[in-house]
Amino acid sequence: MDTKNLGFDSKLIHAGDFHDEYGSAVTPIYQTSTFSFKSAQHGADCFSGKDKGYIYTRIGNPTINALENKLAELENGYRGVALASGMAAVTTAYMTFLEKGAHMISTGAVYGPSRAVIESHFQKFGVEATFTDTSVLENIENAIKPNTKLLYLETPANPTIQLTDIRRASEIAHKHGIIVVVDNTFSSPYLQKPLDLGADVALHSLTKFINGHADIVGGALIAKDEDVYNKIRKTMTYMGGNMDPHQAYLVIRGVKTLSLRIDRAQESAMKVARYLENHPKIEWIKYPGLESFEQHELAKEQMTGFGSMISFGVKGGHRAGEIIMDNVHLATLAVSLGGVETLIQHPSSMTHAAVSKEDKLAAGITDGLVRFSVGIEDVNDIIADLDHALAMV
Ligand SMILES: *Cc1c(COP(=O)(O)O)cnc(C)c1O
């Protein structure tokens with residue numbers, strides 16, 4: 001079935017779906033490392049590209065390809081590459097678009113390891129990077145050098161919920177021939193489509209909203225055009241960060257309910273945000289759906305919903321935040337986000353522990369910041385849980 005012209009919810013269910021000769025209703029798991037050739041000539045043709053047959057699972061596999069095709073349709077991209085984890089997607093993007101002597105510009109408040117891997121590994125190969133507040137477009141403009149090859153954006157950024165204007169940032173980058181990669185993990189294609197806004201690649205940690213059930217890690221890169229896609233595919237094949245067929249099967253199952261899950265979670269997040277905004281023990285709160293959010297207008301412009309990620313500071317700083325985390329019962333104290341269960345964590349000592357104190361403060365990751373991922377439980381229970389914990393402060 002041609003799913004290209006179907007609505008987003010129909011694509012979630014049917015795009016990329018693979019039906020075998022038995023008429024299986026869902027994409028089967030092809031748990032095999034290798035594929036036999038019909039003849040020596042057929043094997044040679046598969047390797048030369050004349051025949052599109054499968055060769056070896058690191059290079060391609062029907063279950064993994066089904067997921068890649070589904071994600072590509074959801075992001076309005078050319079094709080996608082699925083990887084073992086979100087970080088495998090990040091490092092594959094870096095390996096594809098950076099080289100010795102190249103410079104990268106990135107969102108300051110980017111996912112901790114996306115920054116740490118540049119500083120701990122890529123710098124030793126002569127890659128330079130500028131981490132800056134990309135929500136201010138002049139900062140991007142000012143950071144561009146003759147050797148800038150990659151603009152790596154995360155919006156909303158983790159964990160400050162700061163937004164970057166994808167359309168305008170991409171225009172600036174493209175004037176200088178710079179590739180734009182957007183980590184779209186926090187929004188998923190249901191709420192934001194970076195490729196439609198001008199980016200070249202959309203990146204995902206599938207671990208989060210797309211799979212949505214906290215039972216696998218996975219990543220993906222979705223390319224806008226064939227040339228960018230071919231480069232990414234080649235890097236993945238050589239670096240070996242491919243996904244496993246069983247992992248792909250679970251993501252295909254999880255993503256089918258993406259819009260249902262996000263609709264519920266963001267409706268609840270709005271109520272939780274209003275509750276926190278009015279609580280006397282809350283010092284500040286960031287949620288794109290609140291009128292008090294500085295970039296509320298930009299959120300309305302480039303996103304079709306405000307998501308379910310909230311950051312807030314409790315009066316009393318880190319100690320007060322600790323009391324909240326130790327006294328919630330429904331919310332799970334754990335890193336990760338975007339699952340059906342509500343999660344709470346402390347970025348400064350957890351997800352962003354590897355980032356230096358100065359860099360954290362420059363990026364707005366203060367000691368008092370608590371990150372809250374609203375799940376799909378009964379919203380009254382989520383609020384009661386926070387209410388009980390806040391009473392302990
Ligand atoms: C979790 C996450 C990653 C890394 O993904 P893994 O699947 O954990 O490797 C990258 N970017 C963002 C925004 C994330 O939240």
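Which side chain has an N or O atom 2.9 Å from an oxygen atom of the ligand? That side chain belongs to serine 205.

What we have here is a predicted model, in which local features need pLDDT of at least 70 and side-chain atom pairs count only at pLDDT 80 or more, while totals for chains, interfaces and linings use all residues. Residues are numbered from 1 along each chain as its sequence is written, and side-chain values use heavy atoms, with hydrogens and water left out.

Now the ligand. There are 13 residues around it, and Gly86, Met87, Asp183, Thr207 and Lys208 come nearest; a residue is near a molecule if one of its heavy atoms lies within 4 Å of it. A polar backbone atom of glycine 86 is 2.9 Å from an oxygen atom of the ligand. A side-chain N or O atom of aspartate 183 is 2.7 Å from a nitrogen atom of the ligand. On its own the ligand has 380 Å² of accessible area, and the protein covers 93% of that. Such areas come from the Shrake-Rupley method with a 1.4 Å probe.

Next, the layout of the chain. It is divided into domain 1 (8–255) and domain 2 (258–391), with bounds from an automatic or database domain assignment. Their C-alpha centres lie 26 Å apart. The contact between them takes 43 residues from domain 1 and 39 residues from domain 2, where contact means heavy atoms within 4.5 Å.

On to the core. The largest nonpolar core has 36 residues. By nonpolar core I mean a set of buried Ala, Val, Leu, Ile, Met, Phe, Trp, Tyr and Cys residues joined through side-chain atoms within 4.5 Å. Buried is under 20% relative accessible area, exposed over 50%, and partly exposed in between, with a 1.4 Å probe and protein chains only. Helix 3 (62–74) gives the largest share of this core, six residues. Helices (H or I, at least four residues) and strands (E, at least two) are DSSP runs, numbered from the N terminus. Leu206 is among the residues with the most contacts inside the core. The residues that leucine 206 touches include Leu67, Leu71, Met243 and Val251, leaving aside residues up to four places away in sequence. A second, separate core has 29 residues, among them Ala93 and Val201.

In helix 13 (residues 317–327), the buried residues include Ala320, Ile323, Ile324 and Asn327. The buried residues of helix 13 pack against several elements, including strand 9 (309–314) and helix 15 (379–391).

Last, some backbone geometry. Most residues other than glycine have a negative phi, and most peptide bonds are trans. Where does this model depart from that? The bond from threonine 155 to proline 156 is cis, with omega near -5°, and so is the bond from asparagine 158 to proline 159, with omega near 5°. Proline 156 sits in the loop between strand 4 (148–154) and helix 7 (166–175), and proline 159 lies in the loop between strand 4 and helix 7 too.

Serine 188, in helix 8 (residues 188–191), has a positive phi of about 70° and is buried at 0% relative accessibility. Serine 336 has a positive phi of about 85° and is partly exposed, at 24%.

Key: Polar contact = N/O pair within 3.5 Å; in protein donor to acceptor, adjacent residues only side chain to side chain.
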